[in-house]
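This report describes contacts between and within the chains of a protein model. The sequence and the structure are shown first.

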Amino acid sequence: MTKPSAQKESLAVKYGIEQPARRKAFKRVFRHLGVAVLGTAVAQAAIFSRPARAAKILRPPGALPEKAFDSTCIRCGLCVKDCPYDILKLASWTDPAPLGTPFFVARQDPCRMCTDIPCVKACPTGALDPLLTDIRKADMGVAVLVDHENCLNYKGLTCSVCVRVCPIRGEAISLKPIQNERGLLQIPTVNPDKCTGCGTCEKHCVLSEATIRVLPRELGLGVSGANAAGRGVW
Amino acid sequence: MASALKRMAAALNRHRWLLMRRTLQILIVLAFIVDIPELGRIAHGNLSSSLWFWNVPLTDPFVLLQSLLAGAPLAKTALIGAAIVAGFYAFFGGRIYCSWVCPINMLTDAALWLRQKLNIKGNLTLSRELRSVLLVMALVLSVITGTLAWEIINPITLLQRELMWTSSAGLTFLAALFLFDFLVSRRGWCGHLCPVGAFYKYLGHYGRLRVTALKSDACAGCSDCIKVCPEPHVLAPVVAQKALAVTDSDCTRCGACLDKCSSGALSMKLDFGGKSAFRGIPIVKS
């Protein structure tokens, strides 16, 4: 049993390696370091290539901006459990959102805007901001009338369901009259400063695909630019 | 009749640690998913953060650490919860989590059981230090990517989410994990790869609940305990009678050695140094 190691040591002496034990330890450390560096590089690539959050994925009220939310939410599901209307779900691998984070889809089940905001109170980490105490200040997204072609009000009818179901009545969505060749149209118009993105309008749109949709604010709103042409200066 | 009962009692006694462990593991899983009439659910959330008995917050310190490294601000409830959990494991021993709490342990133990039943010998030998490498990777990746890196694949919370919504998207991963332990590497996941185990190992490095061999002269030296131990190297010094207690923090306190030992040499004790701290000259037996 002792022969191979004796042979090794004699080789070590022959080639002038003085401390084979130390050499072995270095080898071990560097092998692990190599695995760690390689693994980190591959895993980082994998993490960065995950699909982005889909536009229909909405966060519960008080959610921090998406990047901060991703790092602060610890995927425990306490908000999910405290939602009295069971609209929230933690993302599984088939959902287009970071695994384990809570979300709702407005068209399936909108936020009912509870005045005591139980989901925010349940959050242990502050990923749902505890400073949000007035549900009317929540920002889950913003409603946008994305399809003018199919909206019944644009066709001259007065469907106006989105206006009538809006929980921030008369403020977040209102009808603005527009005169065109079809006559006087009553156009549902969103006030982004009042809209919380609860999704009730999207849920109740009578068409089989909603023409009004709640989008994350950065997707749904333009921002006026720095120069006169309205675009950002390159 | 009486002898049958006696035999049954003896069999139960021979597996008492395993039975206690399984009972607690199953109770913890059920606490999150079963509604008790009149009371509701005992535990809400999942093992990354939960609310027990409607008042007690518990947070996994490893998940919180990833979150903080990813750039999250400090939050009171999560910190209190993590302090309770970390304090418990730091005092008693970190890897108690692995064998008494973690639901994945049941999956990997089942894989090992099947592996032994079918006498599968092929084994991919992995370094037990790989889990520490993965732990470092998880923490570094959390810093780099700003997300909770391990939580992307963490099978523990994955299993709980699957149970909560009876979804199946993560089942393939759990099945792969089972097959890996069953066919590829003996005790591959819990004993070599899982960084959660590595985290709790370092957290509970000075844990005081220890397998001790105070009656070491009763030990017949059969090494049956080593054969059933999920981390056999921790018992080696005790069997060689160079130590009177398992001090290696890899020990999961699963009690398999206590169930197996027929000589009564081993016991699970809170150990504050004292007698079992003895190391050095092996005890010479006549």
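Is A:R53 buried, partly exposed or exposed? A:R53 is partly exposed, because its relative accessible area is 21%, where buried means under 20% relative accessible area, exposed over 50% and partly exposed in between (1.4 Å probe, protein chains only).

The model is a predicted one, in which local features need pLDDT of at least 70 and side-chain atom pairs count only at pLDDT 80 or more, while totals for chains, interfaces and linings use all residues. Residues are numbered from 1 along each chain as its sequence is written, chains are lettered from A and ligands numbered from 1 in the order in which they are written, and side-chain values use heavy atoms, with hydrogens and water left out.

**Salt bridges**

Over all chains, the structure holds 23 salt bridges, a salt bridge being a side-chain nitrogen of Lys or Arg within 4 Å of a carboxyl oxygen of Asp or Glu. Four of these pairs are listed below.

| Pair | Closest N and O atoms |
|---|---|
| A:E218 and A:R53 | 3.9 Å |
| B:R21 and B:D109 | 3.1 Å |
| B:R128 and B:E231 | 3.0 Å |
| B:E129 and A:R28 | 2.8 Å |

The pair in chain A links distant parts of the chain: A:E218 belongs to helix α8 (residues 217-220), A:R53 to the loop between α2 and α3, and 165 residues separate them. Helices (H or I, at least four residues) and strands (E, at least two) are DSSP runs, numbered from the N terminus. A:E218 counts as exposed, at 58% relative accessibility.

B:E231 is placed in the loop between α12 (224-228) and α13 (236-239) of chain B. This residue counts as buried, at 2% relative accessibility. B:R128 is partly exposed, with a relative accessible area of 24%.

The side chains of B:E231 and B:R95 are joined by a polar contact of 2.8 Å, and the side chain of B:E231 makes another with that of B:R128, at 3.0 Å. A polar contact is a pair of N or O atoms within 3.5 Å; within protein, one must be able to donate a hydrogen and the other to accept it, and residues adjacent in sequence count only if both atoms are side-chain atoms. Leaving aside residues up to four places away in sequence, B:E231 touches B:R95, B:R128, B:R131, B:C190, B:G191 and B:D250, contact meaning heavy atoms within 4.5 Å. A network of salt bridges links B:R95, B:R128, B:R131, B:K201, B:E231 and B:D250.

**The contact between the chains**

Chain A contributes 34 residues to the contact and chain B 39 residues. Between them the two chains bury about 3,000 Å², 70% of it on carbon and sulfur atoms; buried area is the accessible area (1.4 Å probe) that two parts lose on being put together, summed over both. A:S71, A:I74 and A:W93 supply 21% of the area that chain A buries against chain B, more than any other three residues.

Between chain A and chain B there are 11 residue pairs in polar contact (both at pLDDT 80 or more) and 1 salt bridge. That salt bridge joins B:E129 and A:R28. On the side of chain A that touches chain B, α2 (20-48), α3 (66-72), α4 (78-82) and β1 (89-90) each supply at least two residues. The largest share, 10 residues, comes from α2(A).

**Aromatic pairs**

The structure holds 16 aromatic pairs over all chains. Rings of Phe, Tyr and Trp (its six-membered ring) pair if their centres lie within 6.5 Å; planes under 30 degrees apart count as stacked, over 60 as edge-to-face and the rest as tilted. The ring centres of B:W52 and B:F53 are 6.0 Å apart and their planes stand at 55°, so the pair is tilted. B:W52 is buried, with a relative accessible area of 14%, whereas B:F53 is partly exposed, at 48%.

B:Y89 and B:Y97 form an edge-to-face pair, with 6.0 Å centre to centre and 85° between the planes. B:Y89 counts as buried at 7% relative accessibility, and B:Y97 counts as buried at 4%. Ring pairs link B:F62, B:F88, B:Y89, B:F91, B:F92, B:Y97, B:F199, B:Y200 and B:F272 into a cluster.
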